[in-house]
Amino acid sequence: GNWFDTNTLVRVENAVSRRMDYQRISEGSMILLRSAASNNMVANVLENPVSRHLDFRLETHRLDAGGNWFWRVTVKEPKAEEMQRFAQFSPRIEGATCLLDFNPEDGAELAILSRVRNPYAEGSIVTIFNTHSGRALAQMARLLTDDERLKQLMERLDWKALPESFEILFS
């Protein structure tokens, strides 16, 4: 058995996207990896109006003034409670956006799990594992495929079922 066949009540077709045309890829429920900077499909979904309400974005890596690489998550119009949680990342505010810079080599990793309605296919969804870290990707996948962990998260968030659309910032 395949986990998806057993647990999701849908048949998941094995597919290699580089061998499929864009129309066929976008017609189903998609699981997308990485950031908008490195994955055009992630960029297309996040730029679509169905994602307008999402506040978190993972940007590509950058160089600081000292020549050190870092990553950035932007948070649109952060709430005071969120700013308290972000304190460990020395957040900076630019306009209405909070900038969270981090370096995985320093032990800091941020990852975003997003789910929205598929803008290209009625009745399907898109799940985005927005991270450049294999370790963070594995943890988010484990969260969604481990019934007990998922139940604990849903209880913590006071969710009775997974919403059609959500986003979670992990650190």
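This is a predicted model: local features need pLDDT of at least 70, side-chain atom pairs count only at pLDDT 80 or more; totals for chains, interfaces and linings use all residues.
Trainee: Is I112 buried or exposed, and why?

Mentor: Burial is judged by relative accessible area, with under 20% as the cut-off. I112 has a relative accessibility of 1%, so this residue counts as buried.

Trainee: Where is I112 found, and which residues does I112 touch?

Mentor: In a regular strand the side chains alternate between the two faces of the sheet. Here, I112 belongs to strand β6, residues 111-117. Leaving aside residues up to four places away in sequence, the contacts of I112 include F56, L58, V73, F129, M140 and I168.

Trainee: How do strands β2 and β3 run, and how many bridges join them?

Mentor: Strands β2 (residues 56-63) and β3 (residues 69-76) are antiparallel and joined by six bridges.

Trainee: Which residues of helix α6 are buried, and what covers them?

Mentor: In α6, residues 147-156, the buried residues are L150, L153 and M154. Viewed down the helix axis, the buried residues of α6 fall within an arc of 100°, so they line one face. E155 and R156, on the other side of α6, are exposed. The cover over the buried residues includes α5 (134-145) and β8 (166-170).

Trainee: What is found at the start of α6 and just after this helix?

Mentor: At the start, a side-chain oxygen of D146 comes within 3.0 Å of the backbone nitrogen of E148. Just after α6, D158 has a positive phi of about 60°.

Methods:
Residues are numbered from 1 along each chain as its sequence is written. Side-chain values use heavy atoms; hydrogens and water are left out. Helices (H or I, at least four residues) and strands (E, at least two) are DSSP runs, numbered from the N terminus. Buried means under 20% relative accessible area, exposed over 50%, partly exposed in between (1.4 Å probe, protein chains only). Contact means heavy atoms within 4.5 Å. Two strands pair if DSSP finds at least two bridges between them. The arc is that of the directions from the helix axis to the C-beta atoms. A polar contact is a pair of N or O atoms within 3.5 Å; within protein, one must be able to donate a hydrogen and the other to accept it, and residues adjacent in sequence count only if both atoms are side-chain atoms.
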